[in-house]
Amino acid sequence: MLSDVGVTPAPVPQAVKMADVAAKVGLVGLLVVVLVDPELANLKDKAAGARAVAYPLLSFSVPALWYLFWRDRTPFPWVADLLITFTCFTDILGNRMNLYDTIVWFDDWMHFMNVGLLGAAVVLLTLPRTAPWWVVMERSVGFGALAAILWELAEFFAFLQFSPERRNAYVDTLGDLGLGVLGAVLAAVAIHRAWAHGMLRGTVPPVDSLAATRAHQERVDRSV
């Protein structure tokens, strides 16, 4: 598989960087509200504590991994980091604004959108722009389906098993899983088409770059 190692990426738009930082600041601010008053954040009996722990870990995972392992090999993956942070931010914001309970289709949209965003982020973090479409699809859908299943399991064990809503949980879960996978499919198509049209040139996959760098060094060592 071809790699982006040695390819000078295009500059990442300043708007993407600002949006990423703003989403992180907004997420932290909303999580403070969650910890102080879960009812005000509309997260009472909805695993508020678990979200307050899991979301910062998820949204700051890419910066931590980049700083520890990737910073000498690749520029910071702003786009992928924004996509991951945005999934956490929008869930907390949606609850804070009570959109889940006031807009019938909002929960469906969130499962569709956020699984798609996570699938796209994983593609950007692990695959080069030269990856064929079926590899992009496999990576996005594979991770997206796993993320959707883990989310449904977390929801059930965190609060749904004790909620009256568990009576309709089976149908809702099937719908959420289907929408999540569909989101991952469309994310794969969007990323591959963007690459094919010369877009997202500022994205360099840290994981693929690391593997390619090691493979290149091994070839150099064998030739010496």
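Residues are numbered from 1 along each chain as its sequence is written. In this predicted model, local features need pLDDT of at least 70 and side-chain atom pairs count only at pLDDT 80 or more, while totals for chains, interfaces and linings use all residues; side-chain values use heavy atoms, with hydrogens and water left out.

The protein chain holds 9 helices and 0 strands, and its elements run α-α-α-α-α-α-α-α-α from the N terminus on. Helices (H or I, at least four residues) and strands (E, at least two) are DSSP runs, numbered from the N terminus. Of the 224 residues of the chain, 42% count as buried, where buried means under 20% relative accessible area, exposed over 50% and partly exposed in between (1.4 Å probe, protein chains only). The chain exposes about 12500 Å², of which carbon and sulfur atoms supply 68%; accessible areas come from the Shrake-Rupley method with a 1.4 Å probe, and for residues only the protein chains shown count as cover. Among contacts (heavy atoms within 4.5 Å) between residues at least 6 apart in sequence, 79% join residues at least 24 apart.

In soluble globular proteins, nonpolar side chains tend to be buried together. A nonpolar core is here a set of buried Ala, Val, Leu, Ile, Met, Phe, Trp, Tyr and Cys residues joined through side-chain atoms within 4.5 Å. The largest such core has 32 residues, and Leu 83, Leu 124, Leu 127, Val 136 and Trp 195 touch the most other members. At least two of its residues come from each of H3 (61-70), H4 (78-96), H5 (99-102), H6 (106-126), H7 (133-158) and H8 (169-196). H6 provides the largest share, 10 residues. Apart from this core lies another, of 12 residues, including Leu 30, Ala 41, Ala 48 and Tyr 55.

Two residues illustrate the contacts. Leaving aside residues up to four places away in sequence, Leu 83 touches Leu 117, Ala 120, Ala 121 and Leu 124. Val 62 is placed in helix H3 and counts as buried because its relative accessibility is 3%. With the exclusion of residues up to four places away in sequence, Val 62 touches Trp 70, Phe 76, Pro 77, Asp 81, Ile 84 and Leu 125. Val 62 and Trp 78 are 16 residues apart in sequence, and their C-alpha atoms are 9.2 Å apart in space.

Across the whole structure, 1 cavity of 30 Å³ or more is found. The largest cavity has a volume of about 30 Å³, a volume being the space filled by probe spheres set on grid points joined across faces, edges and corners. Its lining consists of Pro 77, Trp 78, Val 79, Ala 80, Leu 124, Thr 203 and Val 204, with H4 giving the most, 3 residues. By class, this lining has 6 nonpolar, 1 polar and no charged residues; Ala, Val, Leu, Ile, Met, Phe, Trp, Tyr, Cys and Pro count as nonpolar, Asp, Glu, Lys and Arg as charged, and the others, Gly among them, as polar.

The second largest pocket holds about 190 Å³ of space. Of its 14 lining residues, Gly 116, Leu 117, Ala 120, Ala 187 and Ala 190 lie nearest its centre. H4, H6 and H8 each supply at least two residues of this lining, and the largest share, 6 residues, comes from H6. The lining of this pocket has 12 nonpolar, 2 polar and no charged residues.

Note on methods. 1 Å grid on protein atoms, 1.4 Å probe; cavity = no way out; pocket = protein on both sides within 12 Å on 5 of 7 lines; lining within 4 Å.
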